[in-house]
Amino acid sequence: MAAKKIDGTILQNMLRGAVAALETNKERVNALNVFPVPDGDTGTNMHLTLTAALKEAETVSSPLSKVALAASTGSLMGARGNSGVILSQFFRGIGSAWADLDQAGSKETAQALVEAAKTAYKAVMKPVEGTMLTVARVAAEEASMVARSGANVEAVLAAALAGARSALERTPSLLPVLREAGVVDAGGQGVVHMFEGALASFRGQDITVGAKDNGFVSIPEQPGADADSNLTYMYCTELLVKGSKLSLGKIKDKLMLMGNSLLVVGDTNAVKVHVHTNNPGRVLEELMVYGSLHDIDIDNMAEQKIHFQQSKPSAAGSKPLGVVAVVLGPGMESIFESLGVDVVVSGGQTMNPSTEELLKAIARVPAMKVVVLPNNKNVILAAEQAQEMADRQVEVIPTRSMAEGIGAMVAFNPDSDLESNIKAMNSAATRVSTGEVTYAVRTTTLNGQEILAGDIMGLINGDLKVVGKDVTQVSLDILAQMVQPENELITLFSGEETVLEEGESLQIAIKERFPHCDVELHEGGQPLYYYLMAVE
């Protein structure tokens, strides 16, 4: 029998249900990416964000207000990608609506959903209908209508789910790009799964997570395990494993008995690991057999009583200005470091860093003023969220690609003031035109073009422009659209799957095709993309 009201314990259970439902369906959500590129990660980002909300919510007990506030804080710090940031604002609205409540009835539940949708809309500079925002708003409207009729909480939640499903079905009619691709909005689908899991848990139904290995695993924490010093596991251990032909399943099996809160996400070349354990040294030893270890971060959780944004790093202030950049690929990391970046956050496509990871990176910069380069359109919102929460002045330059980020760093002058640097770096980034060459992961139609799985795709500044069968030819075709008479420099960054000789052959072909431009070739090592190109 369903409860009559929502209290702190029930909200925790609803969050568990939502996490489980998204874990089961996140690959389905990922596959809804409009562009058939191999980096759809909306489902993964929403699941990781929800997991962070649940983890924080489990550190407190009733009343409802405390649990809701903890979930809001957890989602805020754990937000990944644009969908995760929007989801964190959804929980921020719920936390605000329930700020003074021990329990929530049908009216208060509907009000919370309305406030959640409003807060999510406010977080986006130019809200677009036909997205997860629409799904959340319609869900709230349906919940409010039922609440006004005097229905109970279960009926309000059921109405919200029905409204979300109905709105999701209509997303293709609101966004032509969805209609052409034959898919519904990925973020909206994630919201539906979240409501499905939350309602099932409210009804007391058991949510079983699918056993299929889809590149991510989580082991739920013991409720309240981190609430005080009586920790089951003392050390929060995070790191990145880089190698070739990495097996996510084998890594999971190795670590599952060594702690809890295990997260394993990534691909065959780079795997992000998070685990709570009493023996971080053993974790590192076990993972060394798979590849090289990077970005190792071990925290004593008993000392993490104060929220991160309240801490004052001792290194701050040793120089006037520093830079944080989000970068993916060992060659790209070296390039950014050589240009003067203080802290590189490994991430980008498929591995969007969380707000908390960006905050930690900002804290490691020995300066009281910091510039952040997201270098990916799906990281910009999380970077702006970190900017608001940081303990020092932070400015975000909204670079949408690593090519734009490199352009910005070339203009960076550590001896100049922040204002001058922001102006120069923004200007330099906007002068860079970015090309990307990758492959299609599914058959679809986009921009009037039929795309078959395995086709080579060329994108210019994020827009699909060329579809073909040959990497070199597609590269030349998109450059033909990018290069103008006034351009002087073409820079190629080869991916991890690109053979050096192939890159050198392409470099020669480009020089012959565009003799008025200098052509540089660098080993970027980025996954999924054969080449990144910058035209200046």
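In this predicted model, helix H2 meets helix H4 through Thr-42, Asn-45, Met-46, Thr-49 and Leu-50 on the H2 side and Gly-81, Ser-83, Gly-84, Leu-87 and Phe-91 on the H4 side. The residues of this contact comprise four nonpolar, six polar and no charged. Two packed helices are described by the angle between their axes and the distance between the axes. Here the axes of H2 (residues 42-57) and H4 (residues 81-97) come within 8 Å and cross at roughly 35 degrees, and the crossing is right-handed.

Leu-50 of H2 takes part in this helix contact. Beyond its neighbours within four places in sequence, Leu-50 touches Leu-87 and Phe-91, and also Leu-15, Ala-18, Val-19, Leu-22 and Met-194. In the largest nonpolar core, Leu-50 is among the residues that touch the most other members, together with Ile-6, Trp-98 and Phe-195. Helix H6 (residues 132-148) supplies the largest share of that core, nine residues.

| Nonpolar core | Size | Members include |
|---|---|---|
| Largest core | 71 residues | Ile-6, Leu-50, Trp-98, Phe-195 |

Glu-404 is placed in helix H15 (residues 402-410). Is Glu-404 buried or exposed? Glu-404 counts as buried because its relative accessible area is 5%, under the 20% cut-off.

Technical notes:
Residues are numbered from 1 along each chain as its sequence is written. This is a predicted model: local features need pLDDT of at least 70, side-chain atom pairs count only at pLDDT 80 or more; totals for chains, interfaces and linings use all residues. Side-chain values use heavy atoms; hydrogens and water are left out. Axes are lines fitted to C-alpha atoms, for helices over the stretch in contact, and angles run from 0 to 180 degrees between N-to-C directions. Helices (H or I, at least four residues) and strands (E, at least two) are DSSP runs, numbered from the N terminus. A crossing is left-handed if the near helix is turned anticlockwise from the far one by less than a right angle, and right-handed if clockwise. Contact means heavy atoms within 4.5 Å. Ala, Val, Leu, Ile, Met, Phe, Trp, Tyr, Cys and Pro count as nonpolar, Asp, Glu, Lys and Arg as charged, and the others, Gly among them, as polar. Buried means under 20% relative accessible area, exposed over 50%, partly exposed in between (1.4 Å probe, protein chains only). A nonpolar core is a set of buried Ala, Val, Leu, Ile, Met, Phe, Trp, Tyr and Cys residues joined through side-chain atoms within 4.5 Å.
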